[in-house]
Amino acid sequence: MDETFCLLKRHHIPFHHSTKSSFSRTSKGSLRNRESLHCFNSLPLFTVNDLTRMNWVKKKLIGERLVVSKMAGYEGIATSSELKSGKMIFEPILEEGVFRFDCSADSRNTAFPSISFKNSKERETPIMNVHKIPTYNPTFECVMGQQIVSIEFPSGTSFYGTGEVSGQLERTGKRIFTWNTDAWGYGTGTTSLYQSHPWVLVVFPDGEALGVLADTTQRCEIDLRTESNIKIIAPLSYPLITFGPFAAPTDVLMSFARAVGTVFMPPKWSLGYHQCRWSYASDARVREIARTFREKNIPCDVIWMDIDYMDGFRCFTFDQERFSDPKSLADDLNKNGFKAIWMLDPGIKYEKGYFVYESGSERDIWIQTPDRKPFIGEVWPGPCVFPDFTKSEARSWWANLVKDFVDNGVDGIWNDMNEPAVFKTVTKTMPESNIHRGDPELGGCQNHSHYHNVYGMLMARSTYEGMKLSDEQKRPFVLTRAGYVGSQRYAATWTGDNLSTWEHLHMSISMVLQLGLSGQPLSGPDIGGFAGNATPKLFGRWMGVGAMFPFCRGHSETDTIDHEPWSFGEECEEVCRLALRRRYRLLPHIYTLFYLAHTLGIPVATPTFFADPKDFELRMHENSFLLGPLLVYASTRHDEELHEMQHKLPKGIWLSFDFEDSHPDLPSLYLKGGSIIPLAPPHQHVGEATPTDDISLLVALDEHGKAEGILFEDDGDGYDYIKGRYLLTTYVAELQSSIVTLRVSKTEGSWKRPNRRLHVQLLLGIGAVLEAWGTDGEILQIKMPSEDDMSELTLAGKRQYGLQSAKRIPDLDNVSGHKGTELSRTPVEIKSGVWALKVVPWIGGRIISMEHLPSGTQWLHSRVDVNGYEEYSGLEYRSAGCFEAYSVIDRNLEQAGETESLELEGDIGGGLVLERKISFPENDPKLFQIDSGIIARKVGAGSGGFSRLVCLRVHPMFNLLHPTESYVSFTSINGFKHEIWPEAGEQFFEGELRPNGEWMLVDKCLGLALVNRFDISQTYKCLVHWGTGTVNLELWSESRPVSKESPLRISHGYEVRGMS
């Protein structure tokens, strides 16, 4: 039964269980509460012997009929060509340098249609008269229904991309899984976030580059842990597409964009600052926020409405008390230069009489269970049904709802929860056995495992198309949380529910860059962090960096303090004002970069090494990035000051500049020699700008005395630019005989050049700037200064550029105010060669990160103020010990028998303390040890020296990276072997049923087990509790009073083992 279960799961045959009974298995008996296993359409229950004798087939449901095609499979079962491993076959597609690889001709013919390609036929059509052959040829192996592809590259190769991923910029040593996941509070080691991009950008030692796309919608493992090797594992069969090698990474990305499409051209207002919160409670509060922005002269273009504007979380409705007249609110906002963006989720309340549910039911557009009934899952409104966006009928239905919704004054739409997220389920999403009745061109009728990763993208597409239906003269603006390769054609994105920590500030740069390197240039984080309370210094620094990101939005969670730019004191407010004024001055440049991204596929923000791909040191830089020729250099660590950092710059000339706004909490700006970028006046919103505003050009000459740059202009909205109604100007500057001549060298488009003044700022270095005025479109000549004049300009620049007079943001550890624990203090880190742990003594002494370095696996599910590894002093959940502030009693970097250790102690009242020692034993380097105890220090008179009744309860919460492939395994004291699966819910094990000194959390997909070894004499009972994407493995001591002589103790440790 177990093997059949595994095989059906691995081959993605939809199934369901006839009952909800426990999946606790024992080896000395039969399966407890044994159930029959059913597949939809009355597929038979196969035995393992049946499977080894039969040809395994892949069920491809097209429309309503079942089509069967051969598929490589288990052991001796193979495709008709009997190929199970070898070199992949190839053919050129799309353009020169692009190749499609398949395991065999059969695999090529039976592969699912491409959803990532903007035109799926281009992937299927070989191009002729191409004599070039691939430089790098992947090999494949087909094992247990999985296609394993491997590509070897030269030593010194660097890896980037892989879409929305946390952690380091250069990806060597990492492994991720493409499975769209609601990943609230993710960390550096989280392996699945909200989006899936099975794509790797390969940069060779000589600076040339190659792109690798695994064109599959299904769960995919991208393993980069072996240096200069890519391994990709996904259900067979799927094609691999390579782009290049080409001369530079930008060439690869442009070729990739010609396949998967470029970003939609955003309306110009969407590139301003966006202010959001979960949630602004009423239209009165929204108006107050808008009014405050204008009163304080802080630029802003957009205010967002989170889910609480709805009537009971019902999509396409408005709360009649708090948002009774959305059109009037939108009109008021528009008059003051603001746009309004409103949230729509995919979960539709399962409620008779609710017009959205009724109309969807009439059209039969819901995702179904295997028995062909609408799937019902719980989300914010309660029980919900979900539109099947793989059906054109469902997309059209949704688009028309959006069209009508926009009439309420909706300027943009935010698609959230569209992984799709489902509450109260261990997988955080709907069952993989659910049925989508997809269009044939998308892959036909398939189970949810096939369409899961593209669900959010298809929802965003439907929303985008609905907004276009509403007004063909306006460009839609859609923001989506979930996405896939190609999502950029319909929507912007953000990096999900991040934390208000310095680590997440630092990581936000790499995350935005990786998305850009994976085809999605319009992204940004929640500035200030979504979960938890930022400090003034953290928020100011984050705004300084965030104002330079392609998408710029502040957002924060409910029950946190206010996170508007004025919420952290006047010093932080001024930094935010300066940062956003910078952005608005740079908007002509940013808008031009988006035009290039839209037309050519060039990312808006790129890693610093793009300026010199051969520079290996730059390949690791994570606190700087490029906006075209503009280099942004930021301080993203609490303990580092920008002016104290050594700024590693690419080769060539890089001239620093500012806008008379230098501040230690704002990034440094550099312009590459040979470049010209356009600037605008610092308006309060995009709508304030007019075509006749002064245009400024910032000029940095190269070593030859030349510079060039472009400016794209149009109406800022609509589609007239497609008809040629735009102006693309190329400006050039050249130094000859001490005269710099600036002129227009080329123009495109039919837009008439406005009659406006031209302001030129020529950067001379060391803060010196030479300014001149003229008329745009006419030649302007600037005389270079004499040596004396140059000295005066340099001194003036130094005085202006100095940081001494800047009013610093106070460095406060804590923020008082609303509910919500401050997250931005720095955790204590302890490491061995195998483990890296992070501990927060000030909140329960909890361990919030438990990363196994050899496998790169983060085992703990945590945020700073809750979850992770906790300990309590009672039977009650989160009793004393969970939230108290602990003191660090001792920290040793090395001592006898241990490599590093940390000792903590927390007062839990009544004369008791909870003490904990975390250490790495030298004699067992794979293990980290935790020795905990409840100790009586002072007990009341007349107590006989004993305290109250206490119990030491160890409560770790572990991540389930693959919830349906994870279980708890142990041998109990009585010799029985147990496998506890998520379906089991919560179970206690006492007496002879306790694990005999160890139990393990097994992840079958990873092939790893987290083993918890403990002293059985100290452990009274054990508890397994399955949550949403998590599991608790608890150890409980006995319950009794303690004295100084009789403490309660539990000693235990963790290690990771490979599973054969």
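Which backbone nitrogen lies 2.8 Å from a polar atom of the side chain of Asp 411? The backbone nitrogen of Ala 340 does. This is a predicted model.

**Asp 411, a buried charge**

- Asp 411 sits in the loop that runs between α9 (392–406) and β25 (412–415).
- The residue is buried but has no salt bridge.
- Lys 339 carries the nearest side chain of opposite charge, 4.6 Å away.
- Polar partners are present. The side chain of Asn 334 makes a polar contact with the side chain of Asp 411, at 3.4 Å.
- Contacts beyond four places in sequence are Trp 269, Asn 334, Lys 339, Ala 340 and Met 467.

**A sheet of three strands**

- Strands β22, β24 and β23 make an open sheet, in the order β22-β24-β23. The pairing is antiparallel.
- β22 (348–349) and β23 (377–379) are the edge strands, each with a single partner, so one side of each has no neighbour in the sheet.
- β23 pairs with β24 (residues 382–385) over 3 bridges, in the antiparallel sense.
- Within that pairing, Gly 377 has Cys 384 of β24 as its bridge partner.

- β9 (residues 139–143) has a covered face with Phe 140 and Cys 142. Its uncovered face holds Thr 139, Glu 141 and Val 143.
- β6 (residues 85–87) pairs with β9 in the antiparallel sense, over 3 bridges. Here Ser 85 stands opposite Glu 141.
- β10 (residues 146–152) also pairs with β9 in the antiparallel sense, over 5 bridges. Here Cys 142 stands opposite Gln 147.
- β9 and β10 form a hairpin, with 2 residues between the strands. Met 144, in the turn, has a positive phi of about 50°.

- Most residues other than glycine have a negative phi, and most peptide bonds are trans. The residues below depart from one or the other pattern.
- Leu 236 and Ser 237 are joined by a cis peptide bond, with omega near -5°. Ser 237 belongs to the loop between β17 (229–235) and β18 (240–246).
- The bond between Trp 278 and Ser 279 is cis too, with omega about -5°. Ser 279 is in the loop between β19 (273–275) and α6 (283–295).
- Lys 428 is not a glycine, yet has a positive phi of about 65°. The residue lies in the loop between β25 and β26 (435–437). Lys 428 is buried, at 16% relative accessible area.
- Ser 737 has a positive phi of about 50° and is not a glycine either. Its loop runs between β42 (727–736) and β43 (739–748). Ser 737 is exposed, at 73% relative accessible area.

**Ile 298, a buried loop residue**

- Ile 298 lies in the loop between α6 and β20 (302–305).
- With a relative accessibility of 0%, Ile 298 counts as buried.
- Beyond four places in sequence, Ile 298 touches Phe 293, Pro 565, Trp 566, Glu 573, Arg 577, Leu 580 and Gln 684.
- Tyr 273 is 25 residues away along the chain, and its C-alpha atom is 9.5 Å from that of Ile 298.

Terms used
Residues are numbered from 1 along each chain as its sequence is written. This is a predicted model: local features need pLDDT of at least 70, side-chain atom pairs count only at pLDDT 80 or more; totals for chains, interfaces and linings use all residues. Side-chain values use heavy atoms; hydrogens and water are left out. Two strands pair if DSSP finds at least two bridges between them. Helices (H or I, at least four residues) and strands (E, at least two) are DSSP runs, numbered from the N terminus. Buried means under 20% relative accessible area, exposed over 50%, partly exposed in between (1.4 Å probe, protein chains only). Lys and Arg count as positive and Asp and Glu as negative; His and the chain ends are not counted. A salt bridge is a side-chain nitrogen of Lys or Arg within 4 Å of a carboxyl oxygen of Asp or Glu. A polar contact is a pair of N or O atoms within 3.5 Å; within protein, one must be able to donate a hydrogen and the other to accept it, and residues adjacent in sequence count only if both atoms are side-chain atoms. Contact means heavy atoms within 4.5 Å.
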